[in-house]
Amino acid sequence: MSQPILILNGPNLNRLGTRQPEIYGSTSLKDVEEMCAKRAAARGHTISFHQSNREYEIIDWIHDGIDNAAGIIINPAAFTHTSVAILDALNMFNKPIIELHISNPHKREAFRHVSFITYAATGMICGLGVNGYPLAVDAMADMLAAGSDNS
Ligand code: DQA
């Protein structure tokens, strides 16, 4: 059995669907999880999908993923712009990492233009709404099929 693709979501994303829908849309995180599971299954993969408002939980999932995940797709939400600790955890994960944002942070406030996570990411998807999630799963499946690491 191959390892799942770990999909991590940071703070406030549990409110997706009702949280600032003009920015983040009206799809719930549960629906996003289903979209990802379907796309992963179509590509012969499984997912392990999580959300937390607590930085340490995200770090613990990354640590667990070092031995148990094929790749990581992460929307760190506001931790993107603050968390050296999440970056340090991702730097121990030597497999593909996709940083994902529903909105385009570069079109928004200046403090969102800085991402600590980008230093560890293989690639980044942003500004495509929740459609970015299945696209990230596809991109991850392509990288895994090609045997890419995170160099
Ligand atoms: C976000 C963008 C972040 O700046 C913000 O803090 C979020 C969500 C996005 O998905 O667009 O919570 O990561």
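Me: How many cavities of 30 Å³ or more does the count come to?

Reply: Rolling a probe the size of a water molecule over the atoms shows where empty space is left. On a 1 Å grid over the protein atoms alone, a cavity is a set of points where a 1.4 Å probe fits but cannot get out, while a pocket is an open set with protein on both sides within 12 Å along at least five of seven lines; lining residues have an atom within 4 Å of a point. Grid points are joined across faces, edges and corners, and a volume is the space filled by probe spheres set on the points. Here the count comes to one cavity of 30 Å³ or more. This is a predicted model, where local features need pLDDT of at least 70 and side-chain atom pairs count only at pLDDT 80 or more, whereas totals for chains, interfaces and linings use all residues. Residues are numbered from 1 along each chain as its sequence is written, and side-chain values use heavy atoms, leaving out hydrogens and water.

Me: What lines the largest cavity?

Reply: The largest cavity holds about 40 Å³ of space. Its lining includes Thr80, His81, Glu99, His101 and Arg112. By class, that lining has two nonpolar, six polar and two charged residues (Ala, Val, Leu, Ile, Met, Phe, Trp, Tyr, Cys and Pro are nonpolar, Asp, Glu, Lys and Arg charged, and the others, Gly among them, polar).

Me: And which residues are closest to the centre of the largest pocket?

Reply: The largest pocket has a volume of about 150 Å³. Of its 13 lining residues, Tyr24, Ala77, His101, Ser103 and Arg108 are the closest to the centre. The lining divides into six nonpolar, four polar and three charged residues.

Me: At what angle do helix 2 and helix 5 pack?

Reply: Helices (H or I, at least four residues) are DSSP runs, numbered from the N terminus. Axes are lines fitted to C-alpha atoms over the stretch in contact, and angles run from 0 to 180 degrees between N-to-C directions. Helix 2 (residues 29-42) and helix 5 (residues 132-145) pack at about 25 degrees, their axes 9 Å apart. That makes the two helices roughly parallel (angles under 35 degrees). Contact, meaning heavy atoms within 4.5 Å, involves Val32 and Met35 of helix 2 and Tyr133 and Pro134 of helix 5, among others.

Key
Parallel < 35°, antiparallel > 145°, perpendicular 65-115°, else oblique.
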